[in-house]
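I opened this entry to look up a few helix and strand details. My notes follow the order in which I checked them.

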Amino acid sequence: MASQNLDPAATSVTAARKGVEPSGGAARSPVGKRLQQELMTLRMSGDKGISAFPESDNLLKWVETIHGDADTGYEDLRYKISLEFPSGYPYNAPTVKFLTPYKWSALYDVRTILLSIQSLLGEPNIDNSLNMHAAELWKNPPAFKKYLRSTYSKQVSSQEP
């Protein structure tokens, strides 16, 4: 998506010039201000393998990209994640398509969410796994990597137009 690489500050300025408030007024709300600050923090952090941008001019819906860490089965793989922020953020957990919030804290931010997901890819808790097949494969790194690459290739090819 080309729109995900837009500078949200520039988008907000452009929208304001047109008389439109991005995100239905979210940019001026406490949630919008916090999300703008988090976006800037994320951009300035220099963390490798994670990025996030608001989708279009909606500060409450972001698209994140996570690259698998080196020396894991996820090396060279890239995942896109949709993240939606509730109006009560940061006190209410954002919605991540495939995760359920566990012990959410208002101290978490987009950067820590992405780093946590990236870390889980390389060091999952296989003793408490929802996917027992993956947990068993994890114990055999070559078999896990082969299965992961096969599954990833199928998903990527099914998403291509």
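I started with burial in H3: Val-110, Ile-113, Leu-114, Ile-117, Gln-118, Leu-121 and Gly-122 are buried. I keep in mind that this is a predicted model.

Next I asked what these buried residues of H3 pack against. I found helix H2 (30-45), strand E1 (50-55), E2, E3 and helix H4 (132-138).

I then checked the length of H3, which covers residues 110-122. Its 13 residues should span 18 Å at 1.5 Å a residue. The end C-alpha atoms are 19 Å apart, so the span agrees.

**H2 against H3**

I looked up how the two helices cross. The axes of H2 and H3 come within 8 Å, and they cross at roughly 50°. I therefore note H2 as oblique to H3, since that class takes in angles between 35 and 65 degrees.

Which residues meet here? From H2 I listed Glu-38, Leu-42 and Ser-45; from H3, Val-110, Arg-111 and Leu-114. Sorted by class, the contact of H2 with H3 has three nonpolar, one polar and two charged residues.

**Strand pairing**

I moved on to the strands. E1 and E2 run antiparallel and are joined by six bridges. E1 and E2 form a hairpin, with two residues between them. In that turn I noted Ser-56, with a positive phi of about 60°.

How many bridges join E2 to E3? I counted seven, and these strands also run antiparallel. Here I noted Thr-65, whose bridge partner in E3 is Lys-80.

**Backbone in the loops**

I checked the loop between strand E2 (58-67) and E3, where Asp-71 lies. Asp-71 is not a glycine, yet its phi is positive, about 65°. Asp-76 is found in the loop between E2 and E3 as well. Its phi is positive too, about 70°, and Asp-76 is not a glycine either.

Are these residues buried or exposed? Asp-71 has 77% relative accessibility, so I count it as exposed. Asp-76 has 68%, so it also counts as exposed. The cut-off I used for exposed is over 50%.

Last, I looked for a cis peptide bond. The bond from Tyr-89 to Pro-90 is cis, with omega near 10°. I placed Pro-90 in the loop between strand E3 (78-84) and strand E4 (95-96).

Methods. Residues are numbered from 1 along each chain as its sequence is written. This is a predicted model: local features need pLDDT of at least 70, side-chain atom pairs count only at pLDDT 80 or more; totals for chains, interfaces and linings use all residues. Side-chain values use heavy atoms; hydrogens and water are left out. Helices (H or I, at least four residues) and strands (E, at least two) are DSSP runs, numbered from the N terminus. Buried means under 20% relative accessible area, exposed over 50%, partly exposed in between (1.4 Å probe, protein chains only). The expected span of a helix is 1.5 Å times one less than its number of residues. Contact means heavy atoms within 4.5 Å. Axes are lines fitted to C-alpha atoms, for helices over the stretch in contact, and angles run from 0 to 180 degrees between N-to-C directions. Angles under 35 degrees count as roughly parallel, over 145 as roughly antiparallel, 65 to 115 as roughly perpendicular and the rest as oblique. Ala, Val, Leu, Ile, Met, Phe, Trp, Tyr, Cys and Pro count as nonpolar, Asp, Glu, Lys and Arg as charged, and the others, Gly among them, as polar. Two strands pair if DSSP finds at least two bridges between them.
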